[in-house]
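Here are some exercises to work through with the model open beside you. Try each task on your own, then follow the solution step by step.

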Amino acid sequence: MPEKHLTEEQIALVAEALNDERFEQLSNTIREHIANCDECSTQAVEISEMQKQLEMENALKVKEEKKQKLAQIRLFVGAAAAIALIVASYFLFIKDNNFDNSNKHFAQDTTESVNIQNNENIAQLNDTTANDTNQIKVNNNNNVVAEKEHHIPETSKLLAYNENQQLEELYVRYNSANMRDNQAEILSDSIIKIKEGEKLTLKWKDYFGTAYIEIFDNQNKQLISQKTEESQFVYTKNLKKGLYYWKFIDSDFNLLYCGKIEVN
Amino acid sequence: MKLRETKKEARIKDAEVLKYAQIVVSRFISKGAIPPKEKEDISMAVVEKFLFKRDKIDLAFKGNAKYSTYCIAVLNKMCLEVIRKDIKYWDIREFEEYKSQQNFDLSSQNKLIIKDEIRYLNKILILFGREKYKLILFLAFYFKLRIIDKDIFNYHPGLINSELKEIFKQNQNLSKTELFESLGKVVNFVEDKKIKADAVRMWLNKKRDLIIKRLNSTSFRTNYDKDSFQTLFELLYDERCGEEDSLKN
């Protein structure tokens, strides 16, 4: 048996080499000694077993720690998700209800004020209509269907210039393409601007036959509907300040054109 | 630089000295070298000894192996010293009592023990270096086991394509004398010697006894003899054959 044994570190080296299956990579000195020394070889085997046990325990510890960490992360994510859900619910349901409610109030208020004003207009218009005399004017060559004179109350001046959605759509349609087919050419401006008290003249050409001229206020109330076979129409009645629309209709009651009138 | 690194590592590992000491002491207890009731006392004694000599231990560490393995090796040596010193004070009956208290489940526990023993034997064989291949082949041949080509090749690649390869396939029905005569032919071919069968027998017996001694050296629990060693070796070789067959498939 050799006189000098391996050091603790050399034995540790052999132990690690045994576990890593690289005993052949150790130095010749160590390998030769180990092959011939019972004490060192036995110690090396024992320590390799203990080192293996330690590595297994450490690996298990790391695994447990990872597991715990994962559990903590899951808990955190779960809690965060729950909080996010609560906050989202608050904004979606609770706050939205409040918003809707406040909007409703706002909408109601606005609608009510509009309704009040509209009702006033209508009431005043009705009053005017009732008070004023209905005049049916008959031209020599024209049949006037009906005519009503009305006054726009001072308090709703601005409303008098509001566009009427339905008539506006017609206006836009007939002014993007000037005339359907080539039935007539409107000579008047698309928006005829006249002063209050000034007479209104509507002109066209290249139309043959009977036509109907209709004028509406911006509430889509018909002011006049007149049959004509001429190439112009003159409205002599005093139009109050506001926005009006006129229609050019052929003998088959097809709408050929819609224009605007602004009375300032 | 290295000393500073070692000391830094030592400061980190200081808390784990007790843990390592307990691993070492537990192993000696499981081997029957220390009575179980002495575990705490011996663990503390070993830790105290280690910390007392900490500076010298750190100075001796060159950084070639892992520090944890080095600490275990140091603690192992210290534990052996404690055993040598205190064994005369321990009652042998405590060992017997401990053995009788061990309740081994024949199925799972024994399988685990056998697996550990096979691994232990394998490591002892590895420590024989290049001689390992000769040992394994000759022991398998002597115990009349089915020889795998890998072991023939590992001993000497030239044997695979030689006529002597057939010798290894015919060990089942040979007598002991014929076995050693065959092995003699193989040794003379491979190692270019002129030895007789008797020399091979003496060499093989010597190596077998050495293996048995190393198996039993730190263990009071195991007490291998020739027969039990043969059983253990057969189990080890069976594993090798299993690995070889699975590779072929």
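A polar contact is a pair of N or O atoms within 3.5 Å; within protein, one atom must be able to donate a hydrogen and the other to accept it, and residues adjacent in sequence count only if both atoms are side-chain atoms. Please keep in mind that this is a predicted model, in which local features need pLDDT of at least 70 and side-chain atom pairs count only at pLDDT 80 or more, while totals for chains, interfaces and linings use all residues. Residues are numbered from 1 along each chain as its sequence is written, chains are lettered from A and ligands numbered from 1 in the order in which they are written, and side-chain values use heavy atoms, with hydrogens and water left out.

**Exercise 1. Find the polar contacts of A:Ser41 and describe its surroundings.**

Step 1. Start with the location: A:Ser41 belongs to helix α3 of chain A. Helices (H or I, at least four residues) and strands (E, at least two) are DSSP runs, numbered from the N terminus.

Step 2. Look at the side chain. A polar atom of it lies 2.9 Å from the backbone oxygen of A:Cys37, and the side chain also reaches the backbone oxygen of A:Asp38 at 2.9 Å.

Step 3. Check the accessibility. A:Ser41 is buried, with a relative accessible area of 1%; buried means under 20%, exposed over 50%, and partly exposed in between (1.4 Å probe, protein chains only).

Step 4. List the contacts, meaning heavy atoms within 4.5 Å. Leaving aside neighbours within four places in sequence, A:Ser41 touches A:Ile34, B:Leu127 and B:Arg214.

For comparison, turn to A:Asn28 in helix α2 of chain A. This residue is partly exposed at 48% relative accessibility, and its side chain makes a polar contact of 2.5 Å with that of A:Arg31.

**Exercise 2. Describe the side of chain A that touches chain B.**

Step 1. Count the residues: 34 of chain A are in contact with 36 of chain B.

Step 2. Take the area. About 3,200 Å² is buried between the two chains, 58% of it from carbon and sulfur atoms; buried area is the accessible area (1.4 Å probe) that two parts lose on being put together, summed over both.

Step 3. The interface of chain A and chain B has 21 residue pairs in polar contact, both residues at pLDDT 80 or more.

Step 4. Assign the elements. On the chain A side, α1 (8–20), α2 (28–36) and α3 (38–131) each supply at least two residues, and the largest share, 18 residues, comes from α3(A).

Step 5. Sort by type. The chain A side divides into 14 nonpolar, nine polar and eleven charged residues. Here Ala, Val, Leu, Ile, Met, Phe, Trp, Tyr, Cys and Pro count as nonpolar, Asp, Glu, Lys and Arg as charged, and the others, Gly among them, as polar.

**Exercise 3. Which residues are linked with A:Glu49 in a network of salt bridges?**

Step 1. Between chain A and chain B the count is eight.

Step 2. Inspect the partners. B:Arg27 pairs with A:Glu49, with the closest N and O atoms 3.9 Å apart, and B:Arg119 meets A:Glu49 at 2.7 Å, N to O. B:Arg119 lies in helix α7 (residues 108–126) of chain B and A:Glu49 in helix α3 of chain A, so this pair joins two chains.

Step 3. A:Glu49 is buried at 5% relative accessible area, whereas B:Arg119 is partly exposed at 28%.

Step 4. Complete the network: A:Glu49 is linked with A:Glu46, B:Arg27, B:Asp116, B:Arg119 and B:Lys123.

**Exercise 4. Work out the strand order of the open sheet of three strands in chain A.**

Step 1. Apply the pairing rule: two strands pair if DSSP finds at least two bridges between them.

Step 2. Read off the order, which is β2-β4-β7 with antiparallel pairing. The edge strands, β2 (185–186) and β7 (232–235) of chain A, each pair on one side only.

Step 3. Follow one pairing. Four bridges join β4 (residues 200–205) of chain A to the antiparallel β7(A), and the bridge partner of A:Leu200 in β7(A) is A:Tyr235.

Methods. Salt bridge = Lys/Arg side-chain N within 4 Å of Asp/Glu carboxyl O.
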